[in-house]
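The sequence and the model come first.

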Amino acid sequence: MKMLMLLEWRKVKWPVLIMLLIATAASMILSSTLYKGYSLEYDLEAWEVGMEYLNFLFPLIAALPVGWLMYYERKNNFLIYTLPRVSKRKYLLSKWIVLALSAGVTMFIIMFAGVLTALYLKPEIIPELVLVDPITGELISQILSHHFLGELFANHPLVYGLLLSVWRGLLAALVATFAFVLSLYIENLFIILTGPFIYWILENFILSVLGIPQYRLVTAFDPTAVSSSMINGYSFVAGPLLLVLLMIFLVFYFKRIKKMTVYPS
Amino acid sequence: MKAIVLRDVRQFFTGKILFLLFGCFLFGFAERQATSLSYEQFVLNMITEHYYLTYFMIPVFLLFTYKNLEDDMDYVLIRSRYYWQYFLAKASAFLLNMIGFVGIQFIVMMLLGIGLRKDNSFLLFGGNHFGIEELFIEYANHFSTPLHASIVAGAYMIVGLTVVSIIFLLLHHFLEKKVVSVVMITIYFFMTLGLKIPGLNVIPILFMDNYIILHHNFTASGKIVMSLISMLIILIVTGILVKYFWQKRPKWTMKFRKRGITFYYARYLFTKRNVAILLAVLFFISLWKVVNVSFEEEAMAGDYFLSMFYGHGVNEFNMISFIEMLILNGGPLYLLAIFVETIHNEQNLGLTIRMKHKRNWTLAILQIAVAFITLYVVLMIGVGIVICMIVNLPIDGLTVFLIQLSLLKFLDVLFQFLLFFMLFIWKRNVTMAFLIVLASNAISLLPMMWVIYFPTGLSSMARNTLILGQKGITFQIGMLILGSCVLLQWAYIKFHGYKKVLGG
């Protein structure tokens with residue numbers, strides 16, 4: 001198993017590392033430049049501001065470097081030659097682990113590099129308070145009262161950033177899994193690579209139009225995408241759960257209804 | 001003869017008639033709740049109710065008739081001495097069916113009306129008679145009592161429905177059943193169109209509601225005579241065709257030659273699934289738009305189209321409308337990209353040799369892409385018109401606007417496709433090409449003024465003078481920019497780019 005995983009890692013190594021380098025550089029640059037046009041209160045906000053574009057591209061970052069792996073092995077029938085050497089289940093499992101792990105770790109590193117940049121590398125922000133307390137008339141922090149997990153965000157930004165980065169890594173692993181599921185059955189590389197992104201756009205649009213933006217995958221990924229009063233525990237579960245259900249449905253559809261097989265038959 | 005008639009009637013009055021009963025009852029019951037009409041007036045009102053007839057009864061009638069059309073069975077045909085006898089039996093069966101069909105509705109309405117006061121006159125008392133008043137004035141001009149009027153209207157309906165079903169019977173004899181269904185849907189669509197757009201109804205023969213609904217003939221003097229005469233002509237023509245030409249089959253001399261690489265590829269792209277995807281996207285977004293628009297005061301179809309083609313403005317960022325623009329413009333592009341990826345995968349030597357020239361390959365793809373984008377734009381406008389008609393948004397004087405909108409949208413999507421295709425030719429990587437084209441949509445977010453002229457997403461009304469006023473771009477400028485870009489791209493692909501496809 002260990003050898004198998006090492007083997008898979010060698011296949012995806014370069015695309016993952018290249019994506020990691022580019023996106024980490026982008027994340028650090030964005031977190032240390034974009035915030036200048038905003039009036040902010042805390043250092044970590046620079047990270048939030050900087051990540052907006054990367055957040056939008058997150059399914060691509062997760063799926064592009066790893067999604068092609070299965071496709072080519074199915075296309076050129078390499079899979080057949082693995083049959084006498086290793087069980088199907090073991091081979092696919094090790095592939096999936098490497099794939100999800102590399103996508104997750106990549107996303108985590110990208111995000112956490114942004115957090116570190118925002119907190120320690122860039123010059124400190126001079127807080128600008130704009131919100132007025134209606135009772136005392138003093139300026140108060142907008143973050144503490146309106147931000148998602150405001151206390152944690154203000155007082156322990158590193159913990160907040162770490163937690164969110166880990167969570168985003170998990171979601172990236174999930175999205176990479178989606179690309180993997182697609183690549184198990186679909187013979188069109190384009191759909192495999194952009195499928196997660198298209199799903200992300202469509203789901204985002206449809207749920208917004210239906211008036212439940214708090215249950216989008218976007219919200220699970222970035223809880224500040226909607227106002228903090230709308231966020232609840234389900235916001236983090238609903239989006240990923242929907243994706244998992246879709247994956248289960250797809251596997252069921254391809255396997256039972258379309259009677260397709262992963263290995264050439 | 002008798003056996004055929006009996007058999008047809010039996011086939012018509014099966015369990016499906018319950019559906020008619022149910023709909024009829026539901027509708028009548030809803031009207032009965034709040035009515036202040038007398039018994040006779042209620043029956044007349046129900047049997048001539050415009051919405052009930054056009055949106056429930058006629059579709060149900062078409063459905064039932066379609067179900068009843070069946071291929072002539074040999075052992076049935078063989079027992080009729082002449083074909084016209086067989087046809088006559090079928091036609092009379094339809095007459096009986098229609099008597100039953102209308103009779104059932106009459107009975108339901110009469111039963112529902114029990115308990116209302118008796119008053120066999122056209123005088124209306126109290127309550128709100130929106131729409132009914134005009135109708136009754138029309139009927140009062142021609143008939144002395146409502147009872148009389150409803151009987152004549154019912155009889156007219158029976159005759160009209162029979163004539164229409166005979167038309168379908170005739171078509172079914174000469175054409176395939178699939179074609180008949182297309183004709184049915186087209187005729188129905190024409191009918192609804194004719195009801196919505198005033199002035200279109202000047203040629204009454206083409207619109208079947210004139211044959212079925214009596215009071216639609218009251219709009220002009222002499223129209224009823226025209227309808228009756230055209231019904232008679234239809235019957236005579238049918239009689240002649242059935243009597244003397246029943247064994248003939250129409251032959252299409254202009255046979256479309258479905259050959260060559262273009263048609264081979266067209267089968268990949270013009271699949272039911274792809275069209276369904278496009279329709280689903282369009283319906284979803286249109287419904288959302290129309291719900292938003294109909295909240296406004298005095299909503300017009302123009303407002304709906306404006307919001308449907310709104311797109312995304314420049315120098316700003318609105319997540320929802322940006323995504324909506326990506327979906328609306330990117331939908332056909334995505335399908336085209338999948339198509340290009342598929343045929344790129346399948347490219348083999350045999351195909352290349354048979355094509356003789358690389359240019360043919362590019363040309364075929366471009367032709368199909370243009371056809372596909374045209375289909376998309378037509379669907380977009382079509383879905384819009386249908387939805388506007390369903391929710392009753394006034395749709396007058398929009399022709400020029402719609403043509404401008406569709407031209408701009410067509411050029412915009414075509415530009416993006418050609419951009420995609422050029423990138424594809426360059427690196428032969430569909431994913432990269434598609435993502436770059438999507439990313440080019442984001443250029444309009446840049447904080448610079450010139451991006452308003454950037455061709456990607458130029459079909460957005462948010463950049464148009466209609467929304468932005470002086471600062472916006474006019475339709476003419478937009479078409480000029482997009483048109484020249486498309487021409488340049490086309491020229492590049494045609495004279496230079498094609499050399500690079502197929503690993504050259």
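B:Leu393 touches B:Ala299, B:Met300, B:Ala301, B:Tyr304 and B:Cys388, leaving out residues up to four places away in sequence; two residues are in contact if their C-beta atoms, placed from the backbone, lie within 7 Å. This is a predicted model, in which local features need pLDDT of at least 70 and side-chain atom pairs count only at pLDDT 80 or more, while totals for chains, interfaces and linings use all residues. Residues are numbered from 1 along each chain as its sequence is written, and chains are lettered from A and ligands numbered from 1 in the order in which they are written.

**Chain B in outline**

The secondary structure of chain B consists of 21 helices and zero strands. Helices (H or I, at least four residues) and strands (E, at least two) are DSSP runs, numbered from the N terminus. Chain B has 504 residues, of which 35% count as buried. A residue is buried if 20 or more other C-beta atoms lie within 10 Å of its own, exposed if 12 or fewer, and partly exposed in between, with C-beta atoms placed from the backbone. Of the contacts in chain B between residues at least 6 apart in sequence, 77% join residues at least 24 apart.

**Residues in loops and a helix of chain B**

B:Leu393 sits in the loop between α17 and α18 of chain B. B:Leu393 counts as buried because it has 20 C-beta neighbours inside 10 Å. B:Ser444 lies in another loop, the one between α19 (430-441) and α20 (465-468) of chain B. With 25 other C-beta atoms within 10 Å, B:Ser444 is buried. Not counting residues up to four places away in sequence, B:Ser444 touches B:His312, B:Val314, B:Val451, B:Phe454 and B:Gly457. B:Val378 belongs to helix α17 (residues 358-390) of chain B, and is exposed, with 12 other C-beta atoms within 10 Å.

The table gives a partner for each of these residues.

| Pair | Separation in sequence | C-alpha to C-alpha distance |
|---|---|---|
| B:Leu393 and B:Tyr304 | 89 residues | 8.7 Å |
| B:Val378 and B:Phe410 | 32 residues | 9.4 Å |
| B:Ser444 and B:Thr456 | 12 residues | 8.2 Å |

**Two helix pairs in chain B**

Helix α18 (residues 399-427) and helix α21 (residues 475-495) of chain B pack at an angle of about 30 degrees, with their axes 9 Å apart. Axes are lines fitted to C-alpha atoms, for helices over the stretch in contact, and angles run from 0 to 180 degrees between N-to-C directions. α18(B) and α21(B) are therefore roughly parallel to each other; angles under 35 degrees count as roughly parallel, over 145 as roughly antiparallel, 65 to 115 as roughly perpendicular and the rest as oblique. Residues of α18(B) in this contact include B:Leu407, B:Leu411 and B:Phe415, and those of α21(B) include B:Met479, B:Leu482 and B:Val486. By class, the contact of α18(B) with α21(B) has 17 nonpolar, four polar and one charged residues. Here Ala, Val, Leu, Ile, Met, Phe, Trp, Tyr, Cys and Pro count as nonpolar, Asp, Glu, Lys and Arg as charged, and the others, Gly among them, as polar.

In the second pair, the axes of helix α2 (residues 17-33) and helix α4 (residues 50-68) of chain B come within 10 Å and cross at roughly 170 degrees. That makes α2(B) roughly antiparallel to α4(B). B:Phe19, B:Leu20, B:Gly23 and B:Phe27 in α2(B) meet B:Tyr52, B:Phe56 and B:Val60 in α4(B).

**Nonpolar cores and the contact between chains**

A nonpolar core is a set of buried Ala, Val, Leu, Ile, Met, Phe, Trp, Tyr and Cys residues joined through C-beta atoms within 7 Å. The largest nonpolar core has 130 residues, and A:Ala176, B:Phe417, B:Phe420 and B:Phe434 touch the most other members. Helix α2 (residues 44-75) of chain A gives the most to this core, with 16 residues. Another core, of 53 residues, lies apart from it, and includes B:Ile58 and B:Tyr156.

Beyond its neighbours within four places in sequence, B:Phe434 is in contact with A:Phe190, A:Thr194, B:Leu333, B:Ala337 and B:Phe420. The contact between chains takes 13 residues from chain A and 14 residues from chain B. On the side of chain A that touches chain B, nine residues are nonpolar, four polar and no charged.

**Positive phi in chain A**

Most residues other than glycine have a negative phi. A:Asn77, not a glycine, has a positive phi of about 60 degrees, and its place is in the loop between α2 and α3 (78-82) of chain A. A:Lys259, also not a glycine, has a positive phi of about 55 degrees, and is in the segment after α10 (233-257) of chain A.
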